[in-house]
Amino acid sequence: MLEQRTSPNQKSCASTSMTKGRDELTFGDIGRISEVKANPFAHRIFELFSEDGSGNLSFDKFLNMMDAFSDDTPSEVKLVWAFAMWDFDGDGIIGSGDIKHGVDLMTHSGPLVQPSIHMLQRVPSNAGLDAEELDLIVKHVFQEVDPDCEGLSYFDFRRILTRMPDFLHNFHISI
Amino acid sequence: MSRGHLSKHPSAFDIAGSSISISPVMQNYSHNRPMMAQVPASPASLLLSSDEEDDGDDDDDDDDANNQHQFSTFGMPDYGRTANHYRNLNANSNSGLNRNTNTSTDLQDPLSMAPPFPTYRAGRNSNNSAYPQWNRMDRTRRKSTPSKQVGKEAIAAVQSPMPSSSQQEHEQFLEERRAAAVVHYLATDDKDMEALYKRRVQVEYAIGRAKERVAQLSLKSPSKKHHKKGCMANIMRRIQILKDNPFWSLWGEELKEIEGNFGSAVVLTFAFLRWVFLLNVGLSILWISAIVIPFFLSPPSSFQWTGIKQYFQANGLEKTWILLGGYFYKSEQTGWYRADYMYPCTIAAMYLTSLIAILAKIAKRIMGSGDSALVYTPDTFPYATVVFTAWDFRISSLEAATKLRRGIRMQLREMLADSMLIVKTPKATNNYEYYKRYAVLGLLWPMVMAGTITGVYYLVSKSDLINTKLKTAYAQPALMTILVSIIGPFLVRILVKLEDWKPSTAEKVVIIKLFFLRATNLTTFLYRLYVLLHNGYLSTQGLLSDPCLANSKCSHEGFLCCNTASDGEWSTCLRQPIGYCASKCMENEVGKQILKLIITSTVINCILDIGMGLIFKFLLNEEQELSIPDFAIDVVYIQVLVWTGSHFSPLASTTGVLCFLLTFYSKKITLKTCTSTQKLYSASRTSVMTYGVLLVALVLCIFPEAVFVTSQSSGICGPIGEGQSMYDTVANYIGRAGYPLSAVLEWLGSPVILGAIIILLVFGVVLQRAKLVQSNQVLEMRIKEHALDHVIVPSASRRHPHDGGNEAFDFGQTGR
């Protein structure tokens, strides 16, 4: 499991939170592992699977998370969770703010994504995309997939992503 | 966590499935997006529009009763008016969230209509462990003031909108609750707490809906894990156990490491190499068991074994089991096994097996991970594709992640620049570039192609000469490798730079040109080999015999000068008069050339890769990127050589096995000096480039193979008699076999090609089925959604009676 692959230092960090009696992994502990740091959506994913938005995962929730990202999961389930992941503001549609934030996460040039409770805030970076570029990108995306500019509902999202061949292949995390 | 009911380790399905007991909840649809989620976000404005009133502590019971009642009935009150009311409330509010308000009554995803957290409703009472932090806050609040517990109830109540009593009462009730919540939350002075709370609500909303959708999916498709009974199922299970054997996931650890550091495109190419390696292992088992072992069981009388040293000098192998010529049985064979028909049968079996394997692999990729680049074009929505699928979750190293982020940034910037360029640039300035590009394309590229073709031609024609001049038997293949594998791609890249394409097109042009160059070189090579073979045949017919002096070379490649009747390994000089040229065993010559080419090509490529890597790392202190198209085309090139070489040497696939093994490890070592690529390589494009190109190469390979199989043999060596081709031999046998057998074999035999067509058709059917299944799923889901909405919202159908019946089928209304 993940614990075995981390260095002894990180392992002790992870075990301290466990010995506090809560039997959970907090994002603070796990966020130090480089595999987690490498993923800009990591914080969002941990938030989602922690079921209360705190980013703390018990073992069961951790398993749920791995299950959603594994290869054997049907593509429908992956699409559901991908939609939930992209819906940063939780309003049931992927709107321009969501896409802007997601693109920002993917293209920022800063060292590490700090989890923020003020979601939809720009990630600090030196050479990331400007606000105008982000706006243009969002505009193009909406021109392509949602001409009415209502935001992508789950069905829209699903319809589009099933036509993108790489999505299911890339949406995979394994230990 | 006080969550006792999760003591097992459930899957995502089960977690969501546990909420199925509350399934009537899913029928709580309204036509509009719920405004509840906006409630906590704009407490200030709500305060303006509603009175505050503190309700008592009997709210819990009230709500429970309401909820129970609501769950037991299916009939839903009219949401329309309530929804309108909420919409008005929020029209005044400034939502802090970036969202497009939707005031249309389109049918949307039903779960987006559901109020948030319906799955938690059953456990809504104070010990609900879904909200531990809320429980903690709740408990502290309860200790302080009884009225403060209204806070939690308010939120919870917000989730259960519809009472059984009248609308007015309910709305007022909710407003009061909201106001109380507002008061409570404004009372806390902590901006961060408010933001945190807002955040948590948003997240839980998203989670709740995702779980409902997953639950709905699991309702649709029953669990696939139930154990079927019956012997077919037993067999499938045993095959599955075999498949899980670690042997088939050879090098799994290495591939995982590569995946983490370099992303999916590189690891897919390595997985392709591993697959080709395993294919060659299978093929060499086929060849060894069908041809080589029977040879050892009863070797022909011409068998001579001069020792291991001869392997590397590639001489003295003429009469061994390694080359086709050694299978010189004449009429010695008794029994049913004859080398002369088994050999062509094994060739056919090899091609058929490879074809089936490739098609199966491609089909699995299409149906499995949705790798449907062969089916869908990825250019329909370029921006959306980059935004949603560019991130490779398989990456696990920080450096690769940084590179990928940079790559995405650059790709997006390039796309933006392109779209602006189309608008702004006038046509005039492009003329010079167009002329330059077409000049290069029209003049330089054909020159390069012609140059390499001529090079290959002469290298094959004069191979003896070159070898004696450079004093090693491997000189000619080494030169050929350098020309084809090194100089060729280098020139191609220079040319493409000169042609000045856009970066994204430039890559496609490079790949296409590399493929064409390699294909033409191989064609020339095989053509020259065919000419050699044919010369061998002609020489036994008495043609092409030029007079020669004692130690002079013959002008034709592969001929030797007969000074005595027993010159040469085979009985060539028995027929020719002394002092004339006669051919050597051409099958062996060709086989030797191909085998040497395979080995030399691999060794030189490996040394070059490692050498370049070391140079880059230690001398230049930069890091190079692994070029995926070169890698893929090299693998396909070697595999084509193995396939065509198998005609002349049963050990070609074994050589292939060793060479691919060497290639894998040397590439892995080279990777240590490489960094991850910055270009966005899509996984599906990589798999088209690898398996697709291999399939095309196999199909193209069948043509030269057909020519070889139907060319007449010289009869000096090898299993086929003089003047006959492999095809003739097999046809003779079929003709001579007894009546039922010959008819059946003829019926089977001629359409070996027909069999391939059938397989391709089956493949096409599989593809269609995959498409059909996908569109079926979408249709099902939509019809289900529409049907449910149709049932639940009688008001809508009352308003539009003529539309009500068509709603389920009127997709146009939803604007999709």
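Guide: Buried means under 20% relative accessible area, exposed over 50%, and partly exposed in between, with a 1.4 Å probe and protein chains only. This is a predicted model, in which local features need pLDDT of at least 70 and side-chain atom pairs count only at pLDDT 80 or more, while totals for chains, interfaces and linings use all residues. Residues are numbered from 1 along each chain as its sequence is written, chains are lettered from A and ligands numbered from 1 in the order in which they are written, and side-chain values use heavy atoms, with hydrogens and water left out.

Visitor: OK, so is B:Trp643 buried or exposed?

Guide: B:Trp643 has a relative accessible area of 0%, so this residue is buried.

Visitor: And how many aromatic pairs are there over all chains?

Guide: The search of the whole structure gives 32 aromatic pairs over all chains, where rings of Phe, Tyr and Trp (its six-membered ring) pair if their centres lie within 6.5 Å, and planes under 30 degrees apart count as stacked, over 60 as edge-to-face and the rest as tilted. One of them joins B:Tyr327 and B:Tyr343, whose ring centres are 6.2 Å apart with the planes at 65 degrees, so this pair is edge-to-face.

Visitor: Where do B:Tyr327 and B:Tyr343 lie?

Guide: B:Tyr327 is in the loop between helix 13 (310–313) and helix 14 (339–367) of chain B, and B:Tyr343 is in helix 14 of chain B, so the pair ties together parts 16 residues apart in sequence; helices (H or I, at least four residues) and strands (E, at least two) are DSSP runs numbered from the N terminus. Both B:Tyr327 and B:Tyr343 are buried.

Visitor: Back to B:Trp643, then: which residue forms an aromatic pair with that ring?

Guide: The partner is B:Tyr351, in a tilted pair with 6.5 Å centre to centre and 35 degrees between the planes. Because B:Tyr351 lies in helix 14 of chain B and B:Trp643 in helix 23 (residues 628–645) of chain B, the pair ties together parts 292 residues apart in sequence. B:Tyr351 is also buried, at a relative accessible area of 9%.

Visitor: What about charges over rings, say what sits over B:Trp445?

Guide: The charged end of B:Lys513 does, 4.8 Å from the ring centre of B:Trp445, the criterion being NZ of Lys or CZ of Arg within 6 Å of the ring centre and within 35 degrees of the ring normal. Likewise, the charged end of B:Arg518 sits over the ring of B:Tyr637, 4.6 Å from its centre.

Visitor: Changing topic, how many salt bridges does the structure hold?

Guide: There are 10 salt bridges over all chains, each being a side-chain nitrogen of Lys or Arg within 4 Å of a carboxyl oxygen of Asp or Glu. One of them joins the side chains of A:Glu133 and B:Arg413 (3.1 Å, N to O). A:Glu133 lies in helix 9 (residues 131–145) of chain A and B:Arg413 in helix 16 (residues 398–424) of chain B, so this pair joins two chains. A:Glu133 counts as buried at 17% relative accessibility, whereas B:Arg413 counts as partly exposed at 30%.

Visitor: Which residue meets B:Asp609 in a salt bridge?

Guide: B:Lys667 does, at 3.0 Å from N to O. B:Asp609 is in helix 22 (residues 586–620) of chain B and B:Lys667 in helix 24 (residues 652–671) of chain B, so the two tie together parts 58 residues apart in sequence. B:Lys667 counts as buried, at 8% relative accessibility.

Visitor: And in chain A, what does A:Glu47 form with A:Arg44?

Guide: They form a salt bridge whose closest N and O atoms are 3.3 Å apart. The two are three residues apart in helix 5 (residues 42–49) of chain A, which means a separation of about one helical turn, and A:Glu47 and A:Arg44 are both buried.

Visitor: Which residues of chain A does the UniProt "domain: EF-hand" annotation cover?

Guide: The unreviewed UniProt entry gives residues 37–72 and 74–109 of chain A; UniProt positions are in the numbering used here, feature names are shortened, and annotations may be inferred rather than shown by experiment. Residues 37–72 of chain A are 56% helix and 0% strand, with end C-alpha atoms 25 Å apart, and residues 74–109 of chain A are 67% helix and 0% strand, with end C-alpha atoms 34 Å apart.
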